[in-house]
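Work through the exercises below with the sequence and the coordinates side by side. Each task is followed by a solution that goes step by step.

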Amino acid sequence: MAEVTRENWTIHDDFPDKYKGTHFQEKKVDCSKGIELGCGAKCCSFYFGLTPQDVEEGIVKYDANFPFMIKQEEDGYCTHLNRETFQCTIRDARPVACRQYSCLNDERIPERIRDALKEK
Ligand code: SF4
Ligand code: SF4
């Protein structure tokens with residue numbers, strides 16, 4: 001396997017600034033409705049990578065065993081999720097992955113919930 005060095009490590013040099021641009025600023029999903037329907041913020045149990053911006057600003061916690069993946073607790077959910085309200089406790093600084101995500105076509109979310117969310 002080729003040695004990974006700062007010079008040849010190029011995968012992570014094109015992440016968007018999460019505070020700029022409009023295409024991912026808000027999810028196109030009515031999460032209040034999803035939570036009401038019982039989604040249980042399932043998306044906040046997915047394991048995903050952070051960007052250099054997330055890591056450097058020091059708000060989003062990462063998994064020290066697998067840097068720089070999102071930190072999760074023993075229940076399998078993101079450490080930043082309020083378990084009672086299913087709200088993100090770092091909403092203004094949440095990672096790009098959370099801003100971009102939509103559950104509407106994700107089969108990991110129950111179909112009845114996705115169908116209801118697609119209704120206007
Ligand atoms: S994106 Fe979907 S699964 Fe995640 S909190 Fe919103 S409604 Fe629930
Ligand atoms: S940072 Fe917030 S929105 Fe993203 S997975 Fe964690 S609790 Fe959910």
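Helices (H or I, at least four residues) and strands (E, at least two) are DSSP runs, numbered from the N terminus. This is a predicted model, in which local features need pLDDT of at least 70 and side-chain atom pairs count only at pLDDT 80 or more, while totals for chains, interfaces and linings use all residues. Residues are numbered from 1 along each chain as its sequence is written, and chains are lettered from A and ligands numbered from 1 in the order in which they are written.

**Exercise 1.** Determine how many helices and strands the protein chain has.

Solution. Counting the runs gives four helices and zero strands, and reading along the sequence gives the pattern α-α-α-α.

**Exercise 2.** Decide whether Ala97 is buried, partly exposed or exposed.

Solution. First, locate Ala97 in helix 3, which covers residues 96-100. Next, apply the cut-offs: a residue is buried if 20 or more other C-beta atoms, placed from the backbone, lie within 10 Å of its own, exposed if 12 or fewer, and partly exposed in between. Ala97 has 17 C-beta neighbours inside 10 Å and therefore counts as partly exposed.
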